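Dear colleague,

I am handing over the structure below, and I would be glad if you would look through it alongside the notes that follow.

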Amino acid sequence: MTKPQPLIAGNWKMNGLAASLSEAKAVAAGLTEITARVAICPSATLIAQMALALKGTSVAVGGQDCRAEASGAFTGDVAAEQLADAGASLVILGHSERRAGYGETDALVAAKVEAALRAGLEPIVCVGETLEQREAGEALAVVAAQVRGSLPAGLSGRAYSVAYEPVWAIGTGLTPTTPEIEDVHRAIRAVLVDMFGEAGRAPPILYGGSVKPSNAVEILAADEVGGALVGGASLKAEDFLGIIRAGSPNGSR
Ligand code: PGA
């Protein structure tokens with residue numbers, strides 16, 4: 001069975017200066033015969049410049065977080081409307097580095113997802129268990145609860161994706177086995193269908209956590225894996241293109 005068009009999104013995290021825009025341009029230039037949808041999510045400081053640099057290419061630009069409110073006295077924060085105004089069309093929300101480092105709860109993530117929809121942004125909603133939770137056999141329950149709590153009802157019929165990112169696989173070089181990834185992705189799909197009915201079958205479920213060119217073919221071919229959220233390996237155009245090609249089985253390899 002052929003899969004729907006996958007989404008390969010790069011999460012640059014707190015990396016990149018204006019000089020790094022050349023990597024984004026190299027990604028766009030390398031997208032010949034690519035069937036995957038591609039996005040790069042740089043720091044907020046780079047969004048406007050990157051959107052300009054990638055104008056007319058098929059690479060979309062996204063944010064890495066947003067505030068739930070549309071405007072106001074929130075020093076240092078960025079609103080979804082501001083991301084959209086700068087040229088972003090997507091936004092990563094609920095990344096584990098924000099859940100762990102800033103105490104973001106499922107309810108707050110859901111409020112941010114509402115904000116993204118209000119601003120016309122496509123949210124990529126992240127979920128994932130810690131190593132302790134996996135070892136305790138709680139991975140499926142933890143992830144299912146995060147999906148239920150982080151996705152507002154307003155998502156029904158809107159464009160969004162869920163990214164399964166086991167916390168212990170992020171930036172560590174460790175990845176779950178393919179059957180482990182499939183178990184979690186199938187569980188996420190079941191929750192989406194339970195929450196949204198048939199509409200819950202549409203959103204891609206991305207895998208994230210130490211995706212690299214050498215493991216991308218196997219991961220992206222796995223059941224219910226609809227793309228990848230890539231951190232470290234998205235910083236270099238050559239590596240990111242390797243992953244994008246792995247997600248474009250009908251395109252060039
Ligand atoms: P990684 O990060 O690819 O560097 O493991 C993934 C992520 O945090 O989105």
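Leaving aside residues up to four places away in sequence, Asp65 touches Leu83, Val91, Ile92, Leu93, Arg98, Glu104 and Lys112. With Lys112 there is also a polar contact, in which the two side chains come to 2.8 Å of each other. Please keep in mind that this is a predicted model, and that the distances and areas here are computed from it. Asp65 sits in the loop between strand E3 (59-63) and helix H3 (80-86), and because its relative accessible area is 18%, Asp65 counts as buried, the cut-off being under 20%.

The ligand is surrounded by 13 residues, of which the closest are Lys13, His95, Glu165, Gly171 and Ser210. By class, this shell is made up of 4 nonpolar, 7 polar and 2 charged residues. A polar side-chain atom of Lys13 lies 2.7 Å from an oxygen atom of the ligand, and a side-chain N or O atom of Glu165 is likewise 2.7 Å from a ligand oxygen atom, whereas Gly232 places a backbone N or O atom 2.8 Å from an oxygen atom of the ligand. Of the 280 Å² of accessible area that the ligand has on its own, the protein covers 95%.

Ala233 is found in the loop between E8 and H10, and it is buried, because its relative accessible area is 13%. Apart from residues up to four places away in sequence, Ala233 touches Val211, Lys212, Asp239, Phe240 and Ile243. Its C-alpha atom is separated by 14 Å from that of Leu174, which is 59 residues away along the chain.

Helix H10 (residues 237-246) has as its buried residues Ala237, Phe240, Leu241, Ile243, Ile244 and Ala246. In an α-helix there are 3.6 residues a turn, so residues three or four places apart point the same way. The cover over the buried residues of H10 includes strand E1 (7-11), helix H1 (21-29), strand E2 (37-41), helix H9 (213-221) and strand E8 (227-230).

The largest nonpolar core has 65 residues, and those that touch the most other members are Ile8, Val27, Val147, Leu151, Ile188, Leu192 and Ile244. Val27, again without counting residues up to four places away in sequence, touches Val38, Ile40, Val59, Ala237, Phe240, Leu241 and Ile244. There is also a second, separate core of 11 residues, with Cys41, Ile92, Cys126 and Ala163 among them.

With best regards

Methods: Residues numbered from 1 in each chain as written. Predicted model: local features only at pLDDT ≥ 70, side-chain atom pairs only at ≥ 80, totals over all residues. Heavy atoms only, no water. Near = heavy atom within 4 Å. Polar contact = N/O pair within 3.5 Å; in protein donor to acceptor, adjacent residues only side chain to side chain. Areas by Shrake-Rupley, 256 points an atom, 1.4 Å probe, with all protein chains shown as cover. Nonpolar A, V, L, I, M, F, W, Y, C, P; charged D, E, K, R; others polar. Core = buried A, V, L, I, M, F, W, Y, C linked by side-chain atoms within 4.5 Å. Buried < 20%, exposed > 50% of the residue type's maximum accessible area, 1.4 Å probe, protein only. Contact = heavy atoms within 4.5 Å. Helix = DSSP H or I, 4+ residues; strand = E, 2+ residues; numbered from the N terminus.
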